[in-house]
Amino acid sequence: MTTTVLPSGAPGPVTDRTVVGENLSLPLFRTLSGVLAGHPYLKVVVDRIENTWHLLDTAAHPFHVNYIATRVLGMELADLDSCLDAFNASVYMDPERRFLLGVLSLHTDEDTEGRERPFLVLETTEADTMNGRLLEEFYTFVRHRVDGRLPVLLKPANHGQEHELAAISDVHVPRILGHELFGNRTRTPLNIGEAVGRLRYFRTQEEYAAEADGLGWSDIVAMASLPDDVPRVAGFLNTAPGTPLSHTNVLASGWGIPNAIVRDLDRLVEADDLDGAWVRYRVQDDEISLVPLAHVPALDAPAWHQQRIRMEPPLLEDVPALFLHRLRRADQDRYGTKAANLGELHHVLDSRSADLTAFYGQPRPPRNDLYGHLAARLGVPDASGAELRDLAADFVAGTIAAPDGIALPFALQHRFLTSSPAVQQGLGKLKMALELDAVDVLDAQCLHLQQLIRNTPMPDEVTRQITQALPDGPDGQRLVVRSSSNAEDLPGFSAAGVYDSVSTVHGEEELLDAVRQVWASLLSPRSVRLRHQAGISLDDTYMGVIIQRYVPADLGGVLVTCNPTRRTDFRNVYVNCSPGSPETVVDGTTLPLQYLYNTVEGGGRTVALGSTGKDLPVATRDKLARLALTGRLLQSHFSDSDVDHPLDIEWLMTDQGDFRLVQIRPYAL
């Protein structure tokens with residue numbers, strides 16, 4: 001059938017080519033389909049009562065439920081909006097539902113002779129709770145109505161569907177998992193954005209190292225995997241698989257520059273002679289493009305080149321080293337951002353007085369709030385108000401622990417620096433070089449200062465304060481020494497991966513060496529350059545230090561309380577992890593397992609298996625779902641006035657299966 005409809009907000013009539021009851025051929029698919037993430041797709045509604053299906057014209061019907069309500073059931077959109085959550089439950093969660101909703105997407109692979117072969121993939125929405133019986137019925141219905149020459153595979157949309165399908169033969173229901181379908185995709189967006197610049201393609205680390213000093217704000221850097229010390233430029237391109245939570249992508253996000261994986265870059269560069277060419281580079285959810293420019297453009301320096309980051313001056317009065325649990329967020333001007341946030345986390349877990357539900361109280365039109373969804377996630381569907389806040393606080397306290405440790409204040413670093421005339425002289429020379437923009441001597445002066453700091457003896461009083469702060473002394477245990485500067489996690493300046501931490505420390509001598517190394521990292525050539533570009537004065541920059549006992553980890557990683565590649569997605573939390581310490585994830589030494597967890601309707605899905613090539617056990621994935629919801633709840637407290645601003649959380653899971661948060665900070669948008 002062909003009808004004419006006027007979608008809400010459309011300026012004029014739109015031809016609706018939706019068909020009902022017809023078999024699907026490839027030409028018909030292409031007529032009705034739209035494009036999502038680079039693949040043609042078509043929405044499907046199966047009506048079990050009428051024993052027919054509807055193939056929706058994507059341009060006319062962006063939402064399954066709107067079509068069912070208005071075109072099949074005769075409802076008004078206002079009536080649908082007033083009961084949207086209940087309606088969604090009836091079509092996505094009711095085991096006796098009338099309608100089966102899904103999407104068919106078109107993909108290609110190669111046969112044994114190298115010829116391109118199209119195939120279709122059928123999947124539901126990620127929140128759909130179809131059991132095995134319904135999944136088999138849905139697949140069978142669709143398979144019988146699709147051109148037999150087109151293979152059709154079912155892709156489970158979440159871990160629950162994977163579990164349901166495990167009991168069904170893949171002969172009856174051929175399937176493909178998400179990480180199998182997209183794990184080797186040619187192009188993957190990491191950070192959305194657009195830039196005009198000169199493409200600099202480095203095929204080896206040696207090529208990059210030879211040219212790194214000459215890279216500037218108008219360059220777009222492309223290589224297999226960008227190093228963590230890459231300078232601030234116009235854009236990043238990776239040719240090897242990666243994750244949106246790598247240090248370099250956190251920097252891309254914080255700097256607001258495009259970043260993507262383009263695995264066929266060699267071919268593109270060769271075809272269009274792009275290496276060294278000026279290009280327009282664009283990364284979107286569903287498109288990544290490199291367009292060569294005919295002429296060298298006249299470019300103004302980017303805003304960040306003149307931008308000056310505002311920060312509160314450090315407080316250097318004589319305060320003692322303190323246990324982390326005695327700190328609050330207001331102490332960041334004395335002990336640094338990381339230490340203060342961990343202290344605040346202790347307070348949240350111990351007092352259980354913080355409102356951790358505020359994110360769910362935000363309007364999500366047409367919904368007034370998501371409190372009902374949160375109550376369902378916490379297992380008490382009728383909870384509201386104070387009861388819901390108590391349940392959220394109990395859930396978080398029952399899922400995670402804050403790490404114990406000692407925080408060293410800025411005052412100790414200040415006392416150490418002023419104790420050495422040689423260090424003071426070196427600092428004076430560095431300040432002069434920065435004022436004169438003497439880039440030719442900057443790196444050498446930074447390296448000289450770092451060497452001085454690492455080799456300058458500590459004053460006895462500074463040594464005593466550090467060693468006596470540990471309740472059992474520094475001997476007989478493995479310690480971890482972490483940075484906690486005031487010049488990181490700032491709006492417009494994340495400093496992810498810029499400062500040092502030392503994870504293997506034994507005894508007093510190694511402890512003092514590690515503290516000096518962390519202090520010295522504040523003066524590395526890269527950190528000094530990045531802060532200078534952002535207008536952060538050397539006089540205002542100080543380093544606190546966190547000292548903790550080492551805790552062995554069975555699993556470690558990072559989560560961000562958003563979907564980094566789709567910022568309008570308010571449902572999902574993105575989790576990366578690898579066996580062992582979280583450092584292997586953040587420093588990029590291993591490619592992590594990657595998951596998305598829906599913190600509104602529930603459910604999770606595997607995005608990539610990483611270097612291990614094997615998914616985690618179901619019980620562990622269920623624990624990660626609890627961790628994801630915990631991160632979302634903490635966002636309500638730690639995101640200050642904007643509860644929609646996501647968090648970046650480092651965590652580890654002990655051999656007892658307990659979660660400990662190592663770091664909590666705003667995620668750079």
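**View 1. Helices H17 and H18 are roughly antiparallel to each other in this predicted model.** The axes of helix H17 (residues 421-435) and helix H18 (residues 439-455) come within 10 Å and cross at roughly 160°, where axes are lines fitted to C-alpha atoms, for helices over the stretch in contact, and angles run from 0 to 180 degrees between N-to-C directions. Angles under 35 degrees count as roughly parallel, over 145 as roughly antiparallel, 65 to 115 as roughly perpendicular and the rest as oblique. Helices (H or I, at least four residues) and strands (E, at least two) are DSSP runs, numbered from the N terminus. H17 passes H18 in a left-handed crossing, a term used if the near helix is turned anticlockwise from the far one by less than a right angle, with right-handed used if clockwise. On the H17 side, Ala422, Val423, Gly426, Leu427, Lys429, Leu430, Ala433 and Leu434 meet Val441, Leu442, Gln445, Cys446, Leu449, Leu452 and Ile453 of H18, contact being defined as heavy atoms within 4.5 Å. The contact of H17 with H18 comprises 12 nonpolar, two polar and one charged residues, with Ala, Val, Leu, Ile, Met, Phe, Trp, Tyr, Cys and Pro counted as nonpolar, Asp, Glu, Lys and Arg as charged, and the others, Gly among them, as polar.

Because this is a predicted model, local features need pLDDT of at least 70 and side-chain atom pairs count only at pLDDT 80 or more, while totals for chains, interfaces and linings use all residues. Residues are numbered from 1 along each chain as its sequence is written, and side-chain values use heavy atoms, with hydrogens and water left out.

**View 2. Helix H19 packs against helix H20.** The two helices, H19 (residues 460-469) and H20 (residues 507-521), meet at an angle of about 110°, with their axes 11 Å apart, which makes H19 roughly perpendicular to H20. H19 contributes Val462, Thr463, Ile466 and Thr467 to the contact, and H20 contributes Glu508, Leu511, Leu512, Val515 and Trp519. Sorted by class, the residues of this contact of H19 with H20 are six nonpolar, two polar and one charged.

**View 3. Arginine 516 is a buried residue of helix H20.** Arginine 516 counts as buried because its relative accessibility is 9%, buried meaning under 20% relative accessible area, exposed over 50%, and partly exposed in between (1.4 Å probe, protein chains only). Leaving aside residues up to four places away in sequence, arginine 516 touches Phe416, Ile453, Arg454, Thr456, Pro457 and Met458.

**View 4. Helix H15 packs against helix H23.** Helix H15 (residues 385-399) and helix H23 (residues 618-638) have axes 10 Å apart and pack at an angle of about 125°, which makes H15 oblique to H23. The crossing of H15 past H23 is left-handed. Ala392, Phe395, Val396, Gly398 and Thr399 of H15 make the contact with Arg626, Leu627, Leu629, Thr630, Leu633 and Leu634 of H23, and the residues of the contact of H15 with H23 divide by class into seven nonpolar, three polar and one charged.

**View 5. Seven strands form an open sheet with mixed pairing.** The strand order is E18-E28-E27-E23-E24-E25-E26, and strand E18 (400-401) and strand E26 (604-608) are the edge strands, each pairing on one side only; two strands pair if DSSP finds at least two bridges between them. Strand E23 (residues 555-560) is mostly covered, with six of its six residues buried: Leu555, Gly557 and Leu559 point one way, and Gly556, Val558 and Val560 the other way. E23 runs antiparallel to strand E24 (residues 572-579), to which six bridges join it, and glycine 556 stands opposite serine 578 in E24. E23 also pairs in the antiparallel sense with strand E27 (residues 647-653) over six bridges, where glycine 557 stands opposite tryptophan 651.

**View 6. Five strands form an open sheet with antiparallel pairing.** The order is E17-E19-E22-E20-E21, and because strand E17 (322-323) and strand E21 (502-506) at the edges each have a single partner strand, one side of each is left without a neighbour in the sheet. Strand E20 (residues 478-485) pairs with strand E22 (residues 543-549) in the antiparallel sense over seven bridges, and valine 480 has glutamine 548 in E22 as its bridge partner. Helix H16 (residues 410-418) lies across strand E19 (406-408), E20 and E22, running at about 115° to E22.
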